[in-house]
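Hello,

Here is the structure I promised to pass on. Please open it first, then read my notes below.

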Amino acid sequence: MGKQKILIFSDCYIYGGSEKLMAFLLKNEMLNENFTFLFGYRKYKEYEIGLENEGLLDRKNNYPLFLFANNTLFYKINCLTISKYLKGTIKVPFFLLEKFKIYFLWNLFNLIYILLKTRPNLIHINNGGYPGAKSCNVLVVANYLTIRAKVVYQINNQAQGCTGFFEKLYDKFINKNVNCFINASHKAKEQLVVNRNFDSNKIFLVDNCVPLPEVNKTKEQIFKEMNIPLDSFLIVEVAFLTERKGQRYLIDALSSLYKKQLLSKEKVFCAFVGNGEDEEFLKNHIKELGLNSNVFQLGYRSNSEDFIVASDLFVLPSIRDEDMPLVLLSALGYGKPIIATNFAGISQVIETNVNGVLIENNLETFRDNLASEINRLYNDDVLRAELGATAKKSYVNYSPETYGLKLKQIYEQIYAS
C-alpha cells in the first residue's frame, strides 16, 4: 500500500506567514517520508515569487489553480496612491461579480476538477483567517459534492464575527463537514467557538513554527548598507506595512523619545522591513515628524532574518488581527530581546521580563507604554541580554521538527477516525 496522499490547499492575498507555514510543511523531511503531498494554490505572480523564494515553485505535484478572488486585487488597489473614493469606484464591478456568486461557481467547478483528478486521501486547507479566503470554504463544498475525503482546516488568525442568517448556515455546513480545525493559540480557538459556534472538540492547538535560515550578512554589513554608524542601536520590525501591524505607533513612540532627548538621533535608528498598503502613509508620517534620518523603510527583503539578527531590539507592535506571528518566533530563535503586544497567540509565546516584554493592547496608552519599554530596554544592557538568552531557549517549542510531529499525529488520527 502506497503512502497516503494529502492535498494541501492554500489561498492568501499575499505570500505571508500562513503561506510560509505550508512551505515548512511541504519541506518537512519526516512528513514527506510518511505522506505524499499534493499542493494546490491560487495562481498569481506575487504568490509564485514567494514559492520560488522557498524553492517550491517547480516541485512535483504542484497544482496552480486559476481561481477568482478579490482579496489580492483589492490589496493592490489599496496600495495605489489615489483617493479612497476612486479606489472604491474601481472595486465596485469586482465586488458585484463576487456578490452574485460568479466567483463561487467558477471556483467550485475548478476545485471539483482538481479533487476528481488527484483524489487525495485527506485534504489540509490553510486559511489566513476566518472566513478569510472564500475559496477555502468552497473547497469544503467541492469535497462534499465529490470524493468526501477527510478534511483538516487550519485557521491562522482570529475568526471574525458572523453576520447574517445565511452565513450562519454556511458555518454550520463547514463545521459539520470538516473533521478537525487547527489553531495556533487558545485565543484563536476561543474566537472560533464564540464568533462562529464551531465545535470546540474538533479544534486542535498546534504551535506555529519557523526555521532559522543561515544569516548571509553580518551586523556590520547591514549597518553599512543602511549608512548608519557601526556603534548604533538598531530597532527592527519585520512585517507588512499595514495599520494592524502598528508601525505608526512605533514611529510615534520614537518621536516622543527623541523629543524628550531620552534617545539620541545620532545613536538610535529603526528599520521597517516589508512592504504594504500603508507604505506611502508611513513615508509621509516619518517625514512630517522629521525622522527621515532615523526611521527607514527598507521594503520587502528576502533576507529579512539578516535584519533581525543585526537588531539590538525587535519590536512587533501589532494592534489587531494577529495570532502567533512567525517573525516573532524568528526573533526568539535568534535570541533577540523582544517587545510585542499582549494579545492573541503573542501572549502565549512571550512572558514579560522572561523572554520579552508585552505591551497592553490599549490604544489610548499604547504609544506611551511602548516608548517607556523601548527606553527601559535601551538603557539596560543586562536585561536585554537576559531576555535574548531566554528567548533563544524557548524557541525549541516552535521548531519545524516539533510542528511536523504534531501534524503527523493529527493526520493519522483523523484518517483513522
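**What I found**

Strands β11 (residues 313–316) and β12 (residues 338–341) run parallel and are joined by three bridges. Within this pair, phenylalanine 314 has isoleucine 338 of β12 as its bridge partner. Keep in mind throughout that this is a predicted model.

**The six-stranded sheet**

β11 and β12 belong to an open sheet of six strands. The order is β10-β9-β8-β11-β12-β13, and the pairing is parallel. At the edges lie β10 and β13 (357–359), and each of these pairs on one side only. On average, neighbouring strands of this sheet are turned by 25 degrees against each other, with direction ignored. A helix packs on the sheet: α14 (residues 326–333) touches β8, β11 and β12. The direction of α14 makes about 160 degrees with that of β11.

Now look at β9 (residues 268–273). It pairs with β8 (residues 233–238) in the parallel sense, over six bridges. Here glutamate 237 has phenylalanine 272 in β9 as its bridge partner. β9 also pairs with β10, again in the parallel sense, over four bridges. There, alanine 271 stands opposite phenylalanine 296 in β10.

Which residues point which way from β9? Val268, Cys270 and Phe272 point one way. Phe269, Ala271 and Val273 point the other way. All of them are buried. Six of the six residues of β9 are buried, so the strand is largely enclosed by the rest of the structure. Strand β10 (residues 295–299) has four of its five residues buried, so β10 is largely enclosed by the rest of the structure too.

**The seven-stranded sheet**

There is also an open sheet of seven strands. Its order is β3-β2-β1-β4-β5-β6-β7, with parallel pairing. The edge strands, β3 (62–65) and β7 (203–205), each pair on one side only. From one strand to the next, the twist averages 20 degrees.

Strand β4 (residues 122–127) and strand β5 (residues 150–155) run parallel, joined by six bridges. Asparagine 126 stands opposite glutamine 154 in β5. Helix α7 packs on this sheet and touches β1 (4–11), β4 and β5. Its direction makes about 160 degrees with that of β4.

**Helix α5**

Does the length of α5 (residues 84–99) agree or disagree with what its residue count predicts? At 1.5 Å a residue, its 16 residues should span 22 Å. The C-alpha atoms at its ends are 21 Å apart, which agrees. The helix does have a kink, of about 40 degrees, at valine 92. This kink lies shortly before proline 93.

Lys87, Lys91 and Glu98 are buried in α5. What do the buried residues of this helix pack against? They pack against α4 (71–79), α6 (102–118) and α7 (134–145). Just after α5 comes lysine 101, with a positive phi of about 65 degrees.

**The nonpolar cores**

The largest nonpolar core has 68 residues. Among its members, Ile8, Phe37, Leu332 and Tyr411 touch the most others. Helix α1 (residues 17–27) gives this core its largest share, six residues. A second, separate core has 32 residues, including Ile251, Ile359, Ala371 and Ile374.

Take isoleucine 8 as an example. Leaving out residues up to four places away in sequence, isoleucine 8 touches Met22, Leu25, Leu26, Phe37, Leu38, Phe39, Gly40, His124 and Tyr411.

**Glycine 161**

Finally, find glycine 161. It is in the loop between β5 and α8 (165–177). Is glycine 161 buried or partly exposed? Its relative accessibility is 43%, so glycine 161 counts as partly exposed; buried would mean under 20%, and exposed over 50%. Apart from neighbours within four places in sequence, glycine 161 is in contact with Glu167, Asn195 and Arg196. Serine 302 is 141 residues away from glycine 161 along the chain. The C-alpha atoms of these two residues are separated by 34 Å.

Best wishes

Definitions and conventions:
Residues numbered from 1 in each chain as written. Predicted model: local features only at pLDDT ≥ 70, side-chain atom pairs only at ≥ 80, totals over all residues. Heavy atoms only, no water. Helix = DSSP H or I, 4+ residues; strand = E, 2+ residues; numbered from the N terminus. Expected span 1.5 Å × (residues − 1). Bend = angle between axes of the 7 residues up to and from the residue. Buried < 20%, exposed > 50% of the residue type's maximum accessible area, 1.4 Å probe, protein only. Contact = heavy atoms within 4.5 Å. Core = buried A, V, L, I, M, F, W, Y, C linked by side-chain atoms within 4.5 Å. Pairing = 2+ DSSP bridges. Axes fitted to C-alpha atoms, helices over the stretch in contact; angles between N-to-C directions.
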